[in-house]
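I am keeping these notes while looking through one structure. The entries follow the order of my look-ups.

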Amino acid sequence: MIDPLLWIWLAQACSPGSDAWGILRDAGHTPLSLRAAGREELTALIPRRRALIERLLDRDTTAASRILAVCAERGVAVVPYDAPGYPAALRELRDPPAVLYVCGRLPTDGVPAVSLVGTRTPSAYGARVAYSAARDLASAGVTVVSGLALGVEA
(Lines give C-alpha, C1' and ligand atoms only; values in the text may rest on other atoms or scores of the structure.)
Protein backbone atom coordinates (compact mmCIF):
# COMPACT_ATOMS: atom_id res chain seq x y z
CA MET A 1 0.00 0.00 0.00
CA ILE A 2 1.28 3.45 -0.91
CA ASP A 3 1.67 6.04 1.86
CA PRO A 4 -1.69 7.80 2.44
CA LEU A 5 0.18 11.13 2.40
CA LEU A 6 0.96 10.61 -1.30
CA TRP A 7 -2.65 9.70 -2.06
CA ILE A 8 -3.81 12.92 -0.39
CA TRP A 9 -1.20 14.85 -2.40
CA LEU A 10 -2.54 13.26 -5.60
CA ALA A 11 -6.18 13.88 -4.67
CA GLN A 12 -5.43 17.55 -4.03
CA ALA A 13 -3.48 17.88 -7.28
CA CYS A 14 -6.27 16.29 -9.32
CA SER A 15 -9.02 18.32 -7.64
CA PRO A 16 -12.14 16.71 -6.22
CA GLY A 17 -14.75 15.87 -8.83
CA SER A 18 -12.24 15.91 -11.69
CA ASP A 19 -11.77 13.01 -14.09
CA ALA A 20 -7.98 13.48 -13.88
CA TRP A 21 -7.30 10.66 -11.40
CA GLY A 22 -9.33 8.24 -13.55
CA ILE A 23 -7.31 9.17 -16.65
CA LEU A 24 -4.01 8.81 -14.82
CA ARG A 25 -5.05 5.52 -13.21
CA ASP A 26 -6.21 4.10 -16.54
CA ALA A 27 -2.77 4.94 -17.93
CA GLY A 28 -1.26 2.77 -15.18
CA HIS A 29 -0.07 5.52 -12.86
CA THR A 30 0.06 5.63 -9.07
CA PRO A 31 0.98 8.48 -6.74
CA LEU A 32 4.56 7.15 -6.71
CA SER A 33 4.93 7.08 -10.48
CA LEU A 34 3.32 10.51 -10.83
CA ARG A 35 5.69 12.05 -8.28
CA ALA A 36 8.58 10.66 -10.33
CA ALA A 37 7.17 11.76 -13.70
CA GLY A 38 8.74 14.69 -15.48
CA ARG A 39 7.12 17.49 -17.42
CA GLU A 40 7.50 15.73 -20.79
CA GLU A 41 5.86 12.52 -19.59
CA LEU A 42 2.97 14.38 -17.97
CA THR A 43 2.47 16.62 -21.01
CA ALA A 44 2.29 13.55 -23.26
CA LEU A 45 -0.23 11.94 -20.91
CA ILE A 46 -2.46 14.97 -20.29
CA PRO A 47 -1.47 17.51 -22.97
CA ARG A 48 -4.18 20.13 -22.47
CA ARG A 49 -4.15 20.20 -18.70
CA ARG A 50 -1.38 22.65 -17.91
CA ALA A 51 -2.67 23.57 -14.45
CA LEU A 52 -2.87 19.89 -13.46
CA ILE A 53 0.64 19.28 -14.80
CA GLU A 54 1.97 22.15 -12.69
CA ARG A 55 0.22 20.80 -9.57
CA LEU A 56 1.68 17.33 -10.20
CA LEU A 57 5.15 18.81 -10.67
CA ASP A 58 4.84 20.53 -7.28
CA ARG A 59 6.17 17.77 -5.03
CA ASP A 60 5.44 19.67 -1.79
CA THR A 61 3.35 17.57 0.59
CA THR A 62 2.94 20.22 3.29
CA ALA A 63 -0.79 20.69 2.63
CA ALA A 64 -1.30 16.92 2.49
CA SER A 65 0.54 16.58 5.81
CA ARG A 66 -1.80 19.13 7.38
CA ILE A 67 -4.86 17.27 6.08
CA LEU A 68 -3.49 13.99 7.46
CA ALA A 69 -2.80 15.63 10.85
CA VAL A 70 -6.30 17.13 11.06
CA CYS A 71 -7.79 13.75 10.17
CA ALA A 72 -5.76 12.09 12.94
CA GLU A 73 -6.80 14.75 15.48
CA ARG A 74 -10.48 14.39 14.61
CA GLY A 75 -10.61 10.61 14.30
CA VAL A 76 -11.19 10.64 10.56
CA ALA A 77 -9.86 7.55 8.81
CA VAL A 78 -8.01 8.08 5.52
CA VAL A 79 -8.71 5.25 3.08
CA PRO A 80 -6.65 5.48 -0.14
CA TYR A 81 -7.64 3.84 -3.41
CA ASP A 82 -5.13 1.01 -2.92
CA ALA A 83 -6.20 0.19 0.67
CA PRO A 84 -7.79 -3.20 1.33
CA GLY A 85 -10.83 -1.50 2.91
CA TYR A 86 -11.60 0.67 -0.12
CA PRO A 87 -15.12 -0.33 -1.27
CA ALA A 88 -15.17 -2.59 -4.32
CA ALA A 89 -18.22 -0.81 -5.72
CA LEU A 90 -16.31 2.49 -5.80
CA ARG A 91 -13.41 0.85 -7.65
CA GLU A 92 -15.85 0.07 -10.46
CA LEU A 93 -16.63 3.75 -11.07
CA ARG A 94 -15.03 5.45 -14.07
CA ASP A 95 -13.68 8.23 -11.84
CA PRO A 96 -13.48 6.89 -8.27
CA PRO A 97 -12.16 9.10 -5.47
CA ALA A 98 -8.41 8.71 -4.89
CA VAL A 99 -9.00 9.01 -1.14
CA LEU A 100 -11.95 8.50 1.17
CA TYR A 101 -12.22 10.38 4.45
CA VAL A 102 -14.30 8.28 6.81
CA CYS A 103 -16.12 9.25 10.00
CA GLY A 104 -17.66 6.14 11.43
CA ARG A 105 -17.52 2.98 9.37
CA LEU A 106 -17.20 2.30 5.67
CA PRO A 107 -20.12 0.38 4.26
CA THR A 108 -19.59 -3.32 3.86
CA ASP A 109 -20.08 -4.57 0.32
CA GLY A 110 -23.73 -5.49 -0.08
CA VAL A 111 -24.96 -3.13 2.67
CA PRO A 112 -27.17 -0.33 1.34
CA ALA A 113 -25.62 3.12 1.13
CA VAL A 114 -27.14 6.43 0.04
CA SER A 115 -25.95 9.95 -0.53
CA LEU A 116 -28.12 13.01 -0.17
CA VAL A 117 -27.47 15.52 -2.93
CA GLY A 118 -29.00 18.94 -3.25
CA THR A 119 -28.50 22.62 -3.61
CA ARG A 120 -25.58 24.57 -2.18
CA THR A 121 -28.05 27.06 -0.74
CA PRO A 122 -30.83 25.05 0.88
CA SER A 123 -33.77 26.66 2.58
CA ALA A 124 -34.10 26.10 6.32
CA TYR A 125 -36.84 23.58 5.54
CA GLY A 126 -34.65 21.74 2.99
CA ALA A 127 -31.77 21.52 5.47
CA ARG A 128 -34.09 20.10 8.17
CA VAL A 129 -35.55 17.52 5.78
CA ALA A 130 -32.08 16.45 4.59
CA TYR A 131 -30.86 16.12 8.18
CA SER A 132 -33.95 14.19 9.21
CA ALA A 133 -33.72 11.85 6.21
CA ALA A 134 -30.02 11.16 6.87
CA ARG A 135 -30.68 10.51 10.58
CA ASP A 136 -33.60 8.18 9.86
CA LEU A 137 -31.69 6.24 7.19
CA ALA A 138 -28.63 5.86 9.45
CA SER A 139 -30.87 4.71 12.31
CA ALA A 140 -32.29 2.04 9.99
CA GLY A 141 -28.79 0.69 9.26
CA VAL A 142 -28.29 2.38 5.90
CA THR A 143 -24.87 3.98 5.40
CA VAL A 144 -25.13 7.68 4.59
CA VAL A 145 -22.26 8.80 2.35
CA SER A 146 -21.19 12.41 1.90
CA GLY A 147 -18.81 14.03 -0.53
CA LEU A 148 -18.60 16.90 1.96
CA ALA A 149 -19.99 19.39 -0.54
CA LEU A 150 -21.31 22.70 0.67
CA GLY A 151 -25.05 22.99 1.15
CA VAL A 152 -27.47 20.15 1.83
CA GLU A 153 -24.70 17.57 2.31
CA ALA A 154 -23.04 19.69 4.98
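Which residue lies over the face of Tyr 81, and at what distance from the ring centre? I found Arg 91 there, at 5.0 Å. For this I count a charge as over a ring if NZ of Lys or CZ of Arg is within 6 Å of the ring centre and within 35 degrees of the ring normal. Arg 35 lies over the face of Trp 9 in this way, at 5.2 Å from the ring centre.

Note on the source. The model is predicted, so local features need pLDDT of at least 70 and side-chain atom pairs count only at pLDDT 80 or more, while totals for chains, interfaces and linings use all residues. Residues are numbered from 1 along each chain as its sequence is written, and side-chain values use heavy atoms, with hydrogens and water left out.

Entry on rings. I searched the whole structure and got 4 aromatic pairs (Phe, Tyr and Trp rings, the six-membered one for Trp, with centres within 6.5 Å; planes under 30 degrees apart are stacked, over 60 edge-to-face, the rest tilted). Trp 7 and Tyr 81 have ring centres 6.1 Å apart and planes at 45°, so I noted the pair as tilted. Trp 7 is in helix α1 and Tyr 81 in the loop between β1 and α7 (88–91), 74 residues apart (helices, H or I of at least four residues, and strands, E of at least two, are DSSP runs numbered from the N terminus). Tyr 81 and Tyr 86 have centres 5.2 Å apart and planes at 65°, so this pair is edge-to-face. Tyr 81 is buried at 14% relative accessible area, and Tyr 86 is buried at 3% (buried is under 20%, exposed over 50%, partly exposed in between, with a 1.4 Å probe and protein chains only). Ring pairs join Trp 7, Trp 21, Tyr 81 and Tyr 86 into a cluster.

Entry on the core. The largest nonpolar core has 32 residues, and Trp 7 and Val 99 are among those that touch the most other members (buried Ala, Val, Leu, Ile, Met, Phe, Trp, Tyr and Cys joined through side-chain atoms within 4.5 Å). Helix α1 gives the most to this core, with 9 residues.

Entry on charges. I counted 5 salt bridges (a side-chain nitrogen of Lys or Arg within 4 Å of a carboxyl oxygen of Asp or Glu). One of them joins Asp 19 and Arg 49, with the closest N and O atoms 2.8 Å apart. Asp 19 is in the loop between α1 and α2, and Arg 49 is in the loop between α4 (39–45) and α5.
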